[in-house]
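Here is the note you asked for, written for someone who is opening this structure for the first time. The points are numbered so that each can be checked against the view.

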Amino acid sequence: MSRFARLSGVTAIAVGSALLTATPADAAPTVSTRIAGYTVSPTSITKGASIQVKGQSQKLSGARWVAAPGTRVTVYFDADGTAPNKSMGSFTVDKYGNFAPKFVPSTSGYWSVVLPQTAVYKVTATSRKYVKVNTPTSYRPPTGSWNCPSWAPIKGNASSRIYHLPGQRYYSKTKPEMCFANERAAIAAGYRKSKV
């Protein structure tokens, strides 16, 4: 027959002649938290540009929300059509509770921030904010440049209205006035493909 005993806050259960003890559960966090002033900007960018994720980590102190310096937040990204909430990194907030990391997204998707649970603080998370990444189809390189960016590798010669694909005979000898992401964009701009 089992019997229970209380030993300095630890429950002891006697089963026959054996005494089994159960340690008390870890104390649950008691301080509520929130992320105030959460923004992601800009919300529409050209591919290659950066965005900034900003906010302030706060804790409830009595009836007031105050900064929670020293806490760490984790920024998450959910790309269109992929598994959600990929961690983009954890960041320690400054002495005012603020954080403002920058990122260069390669695709559109949702951004959110989580202040994880600790021994003291309760977990909190922001809403998800969407950033649209626009992929341009053409690019005007700096005057005198011999190169096009990797996302727009087709070289366009403005005077001849001819475009050259990587690997064609005159590609490396062409100083581009315009660069195109694909042949369709070059044709739409009034260029024709080089014959060699």
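**Notes on the predicted model**

1. Of the 196 residues of the protein chain, 34% count as buried. The model is a predicted one, and everything below should be read with that in mind. The chain has one helix and 19 strands, and it exposes about 11,900 Å², of which carbon and sulfur atoms supply 54%. Among the contacts between residues at least 6 apart in sequence, 57% join residues at least 24 apart.

2. In soluble globular proteins, nonpolar side chains tend to be buried together. Here the largest nonpolar core has 18 residues, and those that touch the most other members are Tyr38, Val40, Ile51, Val53, Phe99, Trp111 and Val113. At least two residues of this core come from each of β4 (33–41), β6 (51–61), β8, β12 and β14 (129–134). Which strand supplies the largest share of this core? That strand is β8, with four residues.

3. Once its neighbours within four places in sequence are left aside, Tyr38 is in contact with Val53, Lys54, Gly55, Trp111, Ser112, Val113, Thr126, Ser127 and Lys129. A second, separate core is made up of eight residues, among them Ile154, Tyr163, Leu165 and Ala186.

4. How much relative accessible area does Trp111 have? The value is 1%, so Trp111 is buried, and Phe103, at 9% relative accessibility, likewise counts as buried because the cut-off is 20%. Phe77, Phe91, Phe103 and Trp111 together form one aromatic cluster.

5. Arg128 lies over the face of Tyr110, at 4.2 Å from the ring centre, while Arg161 lies over the face of Tyr191, at 4.3 Å from the ring centre.

6. The model contains one disulfide. Cys148 and Cys179 form this link, with their sulfur atoms 2.0 Å apart, and the angle of -80° about the S-S bond makes the link left-handed. The bond joins distant parts of the chain, since Cys148 lies in the loop between β15 (138–139) and β16 (154–157) and Cys179 lies in strand β18 (residues 178–180), 31 residues apart. Are the two cysteines buried or exposed? Both Cys148 and Cys179 are buried.

7. Pro116 lies in the loop between β12 and β13 (124–125). With a relative accessibility of 33%, Pro116 counts as partly exposed, because that value falls between the cut-offs of 20% and 50%. Not counting residues up to four places away in sequence, Pro116 touches Arg72, Val73, Thr74 and Val123. The C-alpha atoms of Pro116 and Thr33 are separated by 9.6 Å, although these residues are 83 residues apart along the chain.

8. Val66, in strand β7 (residues 64–67), asks for careful reading of the cut-off. At 19% relative accessibility, Val66 counts as buried, because buried means under 20%. Leaving out residues up to four places away in sequence, Val66 touches Ser57, Gln58, Lys59 and Ser61. The C-alpha atoms of Val66 and Arg34, which are 32 residues apart along the chain, are separated by 9.8 Å.

Note on methods:
Residues numbered from 1 in each chain as written. Predicted model: local features only at pLDDT ≥ 70, side-chain atom pairs only at ≥ 80, totals over all residues. Heavy atoms only, no water. Disulfide = S-S within 2.5 Å. Buried < 20%, exposed > 50% of the residue type's maximum accessible area, 1.4 Å probe, protein only. Phe/Tyr/Trp six-rings, centres within 6.5 Å; stacked < 30°, edge-to-face > 60°. Lys NZ or Arg CZ within 6 Å of the ring centre and 35° of its normal. Contact = heavy atoms within 4.5 Å. Areas by Shrake-Rupley, 256 points an atom, 1.4 Å probe, with all protein chains shown as cover. Core = buried A, V, L, I, M, F, W, Y, C linked by side-chain atoms within 4.5 Å.
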